[in-house]
Amino acid sequence: WVEPDKKLSNKVFRAVLQHGMLRPGDRVLVGLSGGKDSLCMLHVLRALQKRTPFQWDLGACTVDPKADGFDPSPLVPYLEGLGIPYFYEA
């Protein structure tokens, strides 16, 4: 786990609260490829989850792109370590 950049996290936090994007009890599922962009989004949302003054759930899902060499198996222990539920759809 790497704490995301504070400037980025603060911008996301303000936008989410300002626009009412999250409410108590919401469930957010992040599309996760394992690339830099989706992992960054996951980390920012995980940091946001820790700062939000109410409870909401965060999970991650990978949809098999049917691309040669695609291997999402490293994501399983990584997400287990973060305590984030992970779903894989073939």
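## A chat about this structure

Q: Is L82 buried or exposed?
A: L82 has a relative accessibility of 11%, so it counts as buried. Buried means under 20% relative accessible area, exposed means over 50%, and partly exposed is in between, with a 1.4 Å probe and protein chains only.

Q: What kind of model is this, and how are residues numbered?
A: This is a predicted model, in which local features need pLDDT of at least 70, side-chain atom pairs count only at pLDDT 80 or more, and totals for chains, interfaces and linings use all residues. Residues are numbered from 1 along each chain as its sequence is written, and side-chain values use heavy atoms, with hydrogens and water left out.

Q: Back to L82: where is its place, and what does it touch?
A: L82 sits in helix α3. Leaving aside residues up to four places away in sequence, L82 touches W1, L42 and R46. Contact here means heavy atoms within 4.5 Å.

Q: How many residues apart in sequence are L82 and D5, and how many Å apart in space?
A: They are 77 residues apart in sequence, and 18 Å separate them in space, C-alpha to C-alpha.

Q: Zooming out, how many helices and strands are there?
A: The protein chain has 3 helices and 3 strands. Starting at the N terminus, the elements go α-β-α-β-α-β. Both kinds are DSSP runs numbered from the N terminus: helices are H or I with at least four residues, strands are E with at least two.

Q: What span does the C-alpha trace have, and what share of the residues is buried?
A: Along its principal axes the trace spans about 40 × 25 × 25 Å. Of the 90 residues in the protein chain, 32% count as buried.

Q: Which order do the strands of the sheet have?
A: The order is β1-β2-β3, in an open sheet of 3 strands with parallel pairing. The edges are β1 (27–31) and β3, each with a single partner strand, so one side of each has no neighbour in the sheet. Two strands pair if DSSP finds at least two bridges between them.

Q: How many bridges join β1 to β2?
A: There are 5 bridges between those two parallel strands. For one of them, G31 has C61 in β2 as its bridge partner. Going from β1 to β2, the chain passes through α2 in a right-handed β-α-β crossover. Right-handed means that, with the strands pointing away from the viewer, the path from the first strand over the helix to the second runs clockwise.

Q: And how many bridges join β2 to β3?
A: Strand β2 (residues 57–63) and strand β3 (residues 86–89) run parallel and are joined by 4 bridges. Here the chain crosses through helix α3 (residues 75–82), and this β-α-β crossover is right-handed. Opposite A60 stands Y86 in β3.

Q: Changing topic: at what angle do helix α1 and helix α2 pack?
A: Helix α1 (residues 6–18) packs against helix α2 (residues 36–51) at about 65°, and the axes are 10 Å apart. Residues making the contact include L8, V12 and F13 of α1, plus C40 and L48 of α2. Axes are lines fitted to C-alpha atoms, for helices over the stretch in contact, and angles run from 0 to 180 degrees between N-to-C directions.

Q: Where is S9 found, and is it buried or exposed?
A: S9 is in helix α1. Its relative accessible area is 10%, so S9 is buried. S9 touches P4, V44, A47 and R51, not counting residues up to four places away in sequence.

Q: What about S38: buried or exposed?
A: S38 belongs to helix α2, and with a relative accessible area of 12% it is buried. Residues up to four places away aside, S38 touches V30, G31, L32 and S33.

Q: Last one: how many salt bridges does a search of the whole structure find?
A: The search finds 1 salt bridge. D64 forms it with K66, and the closest N and O atoms are 3.8 Å apart. A salt bridge is a side-chain nitrogen of Lys or Arg within 4 Å of a carboxyl oxygen of Asp or Glu.

Q: Is K66 buried or exposed?
A: K66 counts as exposed, because its relative accessibility is 63%.
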